[in-house]
Amino acid sequence: MHKSPPQTTLKGHLEKITYYNQENHYTIAKLKINDVQNPVTIIGYMPDPNLGEALKVTGTWETHSRYGQQLKIDSYEMVLPATAEGIKKYLQSGLIKGIGRKTALRLVTHFGDQTLEVIENHPERLLDVKGIGKAAAGKITVAWKKHHAIQRLIQFLQKNGIKTSYGAKIFNLYGQDALNVLKSDPFRLVSDFPRTGFFIADAIMQNTGMSIDETKRAKGCVMHLLQRFSDEGNTFVFKNQIVSFCENQFNLPHDVILESIKH
């Protein structure tokens with residue numbers, strides 16, 4: 001029996017971004033780990049990486065013939081600072097557009113170690129800070145949401161066993177609303193994301209414990225199969241082929257599949 005390679009988890013900050021593909025977010029970067037002299041090369045799908053960002057990366061070691069040992073990313077998460085001083089440095093780094101050094105100082109002076117919690121969950125309270133008006137508060141809120149929306153999407157995909165390489169396409173499709181779409185109506189992906197959308201939607205429904213809507217599953221399965229046959233150059237498909245596939249592969253009720261074909 002083939003054993004999966006052991007996973008390693010490292011904490012550090014991004015010291016260098018060697019390569020970044022804006023289309024699919026494939027990244028090659030150097031992760032500097034505290035008290036370790038040489039940075040570690042990490043490779044994988046990492047949307048919008050920023051120098052100085054603190055990360056917790058889990059992955060498997062690979063040895064490249066030319067570049068040596070590198071950690072292939074299976075999952076990662078940003079490590080946000082918890083102390084007022086750490087938050088101040090984080091915000092002053094320029095990672096969040098719209099927050100410069102003076103604004104960061106004002107925010108932390110006013111909210112202390114609750115600053116990020118306020119920006120995230122109570123942005124209306126930003127107006128309590130002297131020197132921050134509606135326009136500035138709006139810019140901060142938008143920049144924060146944009147910066148973190150795709151990170152949350154990637155973490156959601158990781159948690160549900162879905163390849164993070166799909167994250168860029170899904171985000172490009174739905175923008176900052178992507179996570180809400182996946183949580184509320186994942187089967188939208190079937191028509192919006194042909195060929196793989198059904199499998200992603202079904203994995204989300206199964207893994208998140210959502211109440212399973214067999215009608216939506218059946219409709220998604222039927223549409224997926226029609227897309228597949230069309231891609232293969234077929235102009236028709238027998239009804240019993242669709243029923244058999246959805247019934248056997250996804251354990252869908254026979255009568256629900258038939259009803260989905262009619263509608």
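These questions and answers go through a few features of a predicted model.

Visitor: In what order do the 5 strands of the barrel close?
Guide: Strands of a sheet pair through backbone hydrogen bonds, either parallel or antiparallel. Here the pairing is mixed. Neighbouring strands of this sheet are turned against each other by 50 degrees on average, direction ignored. The order in which the barrel closes is β1-β2-β3-β5-β4.

Visitor: Do β3 and β5 run parallel or antiparallel, and how many bridges join them?
Guide: Strand β5 covers residues 68-78.

Visitor: Where is N50 found, and is N50 buried or exposed?
Guide: N50 is found in the loop between β3, residues 40-45, and β4, residues 54-64. Its relative accessible area is 17%. Buried means under 20%, so N50 counts as buried.

Visitor: Where on helix α11 do the buried residues fall?
Guide: Helix α11 spans residues 254-262, and V256, I257 and S260 are buried in it. Seen down the axis of α11, these buried residues fall within an arc of 100 degrees, so they line one face of the helix. D255 and K262 are exposed on the other side of α11. The buried residues therefore lie on one face of α11, within an arc of 100 degrees.

Visitor: What covers the buried residues of α11?
Guide: The buried residues in question are V256, I257 and S260. Their cover includes two helices, α9 (214-231) and α10 (239-250).

Visitor: Which residues does the disulfide join, and how far apart in sequence are the parts that the pair ties together?
Guide: A disulfide is a covalent bond between the sulfur atoms of two cysteines. The count in this model comes to 1 disulfide, and this disulfide joins C221 to C246, with S to S at 2.3 Å. C221 lies in helix α9 and C246 in helix α10, so the pair ties together parts that are apart in sequence by 25 residues.

Visitor: Is the disulfide of C221 and C246 left-handed or right-handed?
Guide: Both C221 and C246 are buried. The torsion about their S-S bond is about -105 degrees, so the disulfide is left-handed.

Technical notes
Residues are numbered from 1 along each chain as its sequence is written. This is a predicted model: local features need pLDDT of at least 70, side-chain atom pairs count only at pLDDT 80 or more; totals for chains, interfaces and linings use all residues. Side-chain values use heavy atoms; hydrogens and water are left out. Helices (H or I, at least four residues) and strands (E, at least two) are DSSP runs, numbered from the N terminus. Buried means under 20% relative accessible area, exposed over 50%, partly exposed in between (1.4 Å probe, protein chains only). The arc is that of the directions from the helix axis to the C-beta atoms. Contact means heavy atoms within 4.5 Å. A disulfide is a pair of cysteine sulfur atoms within 2.5 Å. Two strands pair if DSSP finds at least two bridges between them. Axes are lines fitted to C-alpha atoms, for helices over the stretch in contact, and angles run from 0 to 180 degrees between N-to-C directions.
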